[in-house]
Amino acid sequence: MINFGLLLLTVLILIVTVIFHAGLLLDFIRPSVLQVQLLGVHLTLFGIIVVFAFESSSIYGFVIGLMGLITGMFGSFREPPTAKIGD
């Protein structure tokens with residue numbers, strides 16, 4: 001039963017992360033670089049907690065942590081919007 005719950009949680013986090021990245025790429029949302037990095041840190045830390053809490057199901061925590069690392073790296077290499085200087 002724990003594996004089924006962790007599977008649902010992992011799939012839900014994956015769907016939310018994919019929607020977040022799609023919104024960034026399609027320019028629907030404009031979070032700052034720091035906000036994207038903090039989301040990545042939160043996901044990574046949650047993945048670490050899942051790994052330590054459920055040692056028999058550590059693959060789910062690894063996948064959540066990996067999604068967090070990818071999100072944090074995506075935020076690190078994203079260019080911040082620049083201000084236009086006009087006369």
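Two residues are in contact here if they have heavy atoms within 4.5 Å of each other. The structure is a predicted model, in which local features need pLDDT of at least 70 and side-chain atom pairs count only at pLDDT 80 or more, while totals for chains, interfaces and linings use all residues. Residues are numbered from 1 along each chain as its sequence is written, and side-chain values use heavy atoms, with hydrogens and water left out.

The protein contains three helices and zero strands, in the order α-α-α along the sequence.

The overall dimensions come next. Along the principal axes, the C-alpha atoms fill a box of roughly 65 × 20 × 10 Å. Of the 87 residues, 31% count as buried. Buried means under 20% relative accessible area, exposed means over 50%, and partly exposed lies in between, with a 1.4 Å probe and protein chains only. Of the contacts between residues at least 6 apart in sequence, 72% join residues at least 24 apart.

Consider the pairing of helix α2 (residues 33–53) with helix α3 (residues 58–76). Their axes are 7 Å apart and the packing angle is about 165°, which means that α2 is roughly antiparallel to α3. Axes are lines fitted to C-alpha atoms, for helices over the stretch in contact, and angles run from 0 to 180 degrees between N-to-C directions. Angles under 35 degrees count as roughly parallel, over 145 as roughly antiparallel, 65 to 115 as roughly perpendicular and the rest as oblique. The α2 side of the contact includes Val-33, Gly-40, Thr-44, Gly-47 and Val-51, and the α3 side includes Ser-58, Gly-61, Gly-65, Gly-68, Gly-72 and Ser-76. By class, the residues of this contact are 11 nonpolar, 12 polar and no charged. In this scheme Ala, Val, Leu, Ile, Met, Phe, Trp, Tyr, Cys and Pro are nonpolar, Asp, Glu, Lys and Arg are charged, and the others, Gly among them, are polar.

Thr-44 counts as buried because its relative accessibility is 17%. Leaving out residues up to four places away in sequence, Thr-44 touches Gly-65, Gly-68 and Leu-69. Gln-35 also lies in helix α2, but is partly exposed, at a relative accessible area of 48%. Between the C-alpha atoms of Gln-35 and Gly-72 the distance is 9.3 Å, with 37 residues separating the two in sequence.

Helix α1 also meets α2. The axes of α1 and α2 come within 13 Å and cross at roughly 170°, so α1 is roughly antiparallel to α2. Leu-6, Leu-9, Ile-13, Thr-17, Phe-20 and Leu-24 of α1 meet Val-36, Leu-39, Leu-43, Phe-46 and Val-50 of α2. This contact has 10 nonpolar residues, one polar and no charged.

His-21 belongs to helix α1, residues 2–25, and is buried because its relative accessible area is 15%. Apart from neighbours within four places in sequence, His-21 is in contact with Thr-71 and Phe-74.

Key:
Helices (H or I, at least four residues) and strands (E, at least two) are DSSP runs, numbered from the N terminus.
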